[in-house]
Amino acid sequence: MAATKASKEQKYDRQLRLWGDHGQEALENAHVCLINATATGTEILKNLVLPGIGAFTIVDGHTVTGEDVGNNFFLSNNSIGKNRAQAATELLQELNSDVSGNFVEESPDKLLDNDPEFFHRFTIVIGVQLPESTCLRLGSVLWSASVPFLICKTYGLIGYMRLVVQEHTVIESHPDNALEDLRLDQPFAEFKNHIQSYDLDSMDKKDHSHTPWIIIVAKYLEKWLSEHNGQPPKNYKEKEAFRQCIREGILKNENGVPEDEENFEEAIKNVNTALNPTKVPSAVEDLFNSVQCNDITSQTLSFWVMLRAVKEFVLNEGNGSLPVRGTIPDMIADSQKFINLQNVYREKAMQDAAAVSKHVECLLQSFGKPPESISEKDIKLFCKNASFLRVVRCRSLAEEYSVDSVNKDEITSCMDNPDSEMVFYLMLRAVDRFYQQHSRYPGVYNYQVEDDISKLKLCVNNLLQEYSLNVNIKDDYIHEFCRYGAAEPHTVAAFLGGSAAQEAIKIISHQFVPFSNTFIYNAMSQTSATLQL
């Protein structure tokens with residue numbers, strides 16, 4: 001067992017640094033359903049099989065053609081005539097022996113007719129190159145079962161993704177520019193005592209130049225507050241004056257020249273960070289005020305139970321603040337001083353997490369659930385990330401497509417620029433209409449391109465009319481989409497495959513924040529956009 005763990009750590013070393021053991025465990029417990037093993041579909045699965053999802057099932061009733069082999073690395077000449085799901089499964093499984101691959105030789109429509117509950121068992125369902133009618137049917141089944149649905153389409157030089165998920169909670173959102181949680185404006189008792197244990201004036205030179213910058217700022221802040229009626233430096237002028245106070249604290253040699261004390265330089269550089277007021281972020285406040293947080297029942301997800309417990313903590317023990325995160329940035333200091341300071345924050349974080357744990361216990365007991373149904377480990381992780389919690393909610397496809405609830409404002413405002421990515425969304429919707437009417441895509445054969453331009457233009461106009469959209473789509477785009485002939489170039493499929501797999505991993509691991517709700521990639525200009533539709 002230990003050998004297996006060590007070999008797994010070696011095999012997945014780079015990604016474990018991204019999402020940790022618990023993220024990897026979530027991947028290994030996931031069962032992903034892919035509908036249609038086209039070039040885009042197999043590229044998505046390749047990028048999920050390599051990092052080690054537990055299992056995948058391909059649903060595809062198509063037979064492999066020469067055209068498939070031409071743009072899909074997971075089909076070979078020997079696959080022609082075989083079922084596409086079976087042929088792709090065989091080759092995809094070669095990428096990672098830890099992953100279990102299955103296939104179903106059926107079209108999704110047949111499964112929806114005979115056994116719609118088949119799709120309930122999956123962690124996420126990814127539908128590729130599906131017509132609108134199938135997306136709507138499947139979307140409705142998955143929506144009511146709360147299974148995330150990711151729709152992907154490569155159409156010529158355009159890539160499209162739509163995430164359909166009722167509610168997706170994220171504890172570890174891994175923000176790029178997270179502010180440190182140092183509490184210098186509201187020092188807790190243990191931190192105050194630690195600050196008092198330092199006396200900068202009576203230190204020798206070695207200790208003075210190896211005192212952590214957090215202590216230096218805290219010392220000078222105490223002095224500043226006593227001279228300014230308890231008001232911290234707020235504007236640029238005051239902060240500059242505060243920096244000058246710290247600068248004057250640098251030791252001087254016998255000639256009165258300041259010594260080279262990097263820790264003081266670090267303190268001066270970090271004044272802005274250090275003086276950030278401690279407060280609950282507005283995004284977290286909104287979650288505190290949400291219905292899900294305030295109406296806890298025995299059916300409530302553990303995320304909302306823990307959030308409610310954190311809210312109780314903020315209102316009681318926390319005196320208006322979230323639990324202490326318990327981490328400090330790296331800094332110039334000798335090891336002992338750094339470790340001592342780190343321990344002050346760590347111990348406070350553990351105390352706060354224990355207080356939150358008590359609130360969780362009370363909530364669970366109130367509706368007859370055992371306290372161990374939410375682990376200490378999960379509560380600690382939740383408290384550490386309390387500032388960065390996110391919840392993504394997408395609209396259903398039925399809402400997006402309905403004449404009564406279509407997001408006209410977003411479409412109209414984007415189309416003020418007639419070349420915005422929104423035009424591709426409208427064109428893809430028009431192409432779907434064309435398919436509904438003619439049971440084929442426009443321009444699939446060269447001789448059809450000219451005739452299909454007028455037919456597609458009619459579909460575009462009908463779409464705009466039906467949704468009462470007063471926007472203009474240039475003829476160039478209609479010509480271009482007929483010229484694509486529903487081709488699925490491998491370069492675009494590979495890009496979309498990478499993007500979609502990344503979003504699927506975010507959904508599976510509940511880490512990082514997935515896009516909401518529509519993503520368009522334009523391979524002609526190498527640009528992309530996220531739209532709220």
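Q: With which residue does Arg17 form a salt bridge?

A: Side chains of opposite charge can pair when their charged atoms come close. A salt bridge here is a side-chain nitrogen of Lys or Arg within 4 Å of a carboxyl oxygen of Asp or Glu. Arg17 pairs in this way with Asp13, and their closest N and O atoms are 2.9 Å apart. The two are separated by about one helical turn, because they stand four residues apart in helix α2. Helices (H or I, at least four residues) and strands (E, at least two) are DSSP runs, numbered from the N terminus. This is a predicted model, in which local features need pLDDT of at least 70 and side-chain atom pairs count only at pLDDT 80 or more, while totals for chains, interfaces and linings use all residues. Residues are numbered from 1 along each chain as its sequence is written, and side-chain values use heavy atoms, with hydrogens and water left out.

Q: Is Arg17 buried or exposed?

A: Relative accessible area decides this: buried means under 20%, exposed over 50%, and partly exposed in between (1.4 Å probe, protein chains only). Arg17 is exposed at 66%, whereas Asp13 is partly exposed at 30%.

Q: Which parts does the salt bridge between Asp60 and Arg84 tie together?

A: The side chains of Asp60 and Arg84 meet at 2.6 Å, N to O. Asp60 lies in the loop between β2 (55-59) and α4 (66-71) and Arg84 in helix α5 (residues 84-93), so the pair links parts 24 residues apart in sequence. Asp60 is buried at 0% relative accessibility, and Arg84 is buried at 6%.

Q: How many salt bridges does the whole structure hold?

A: A search of the whole structure finds 27. Among them is the bridge between Asp475 and Lys457, with the closest N and O atoms 3.0 Å apart. Asp475 lies in helix α23 and Lys457 in helix α22, so this pair ties together parts 18 residues apart in sequence.

Q: What is the phi of Asn319, and where does this residue lie?

A: Most residues other than glycine have a negative phi, and most peptide bonds are trans. Asn319 has a positive phi of about 50° although it is not a glycine. Asn319 sits in the loop between α16 (302-315) and α17 (335-366), and is exposed at 67% relative accessible area.

Q: Is the peptide bond from Ser516 to Asn517 cis or trans?

A: The bond from Ser516 to Asn517 is cis, with omega near -10°. Asn517 belongs to the loop between α24 (490-509) and β9 (518-522).
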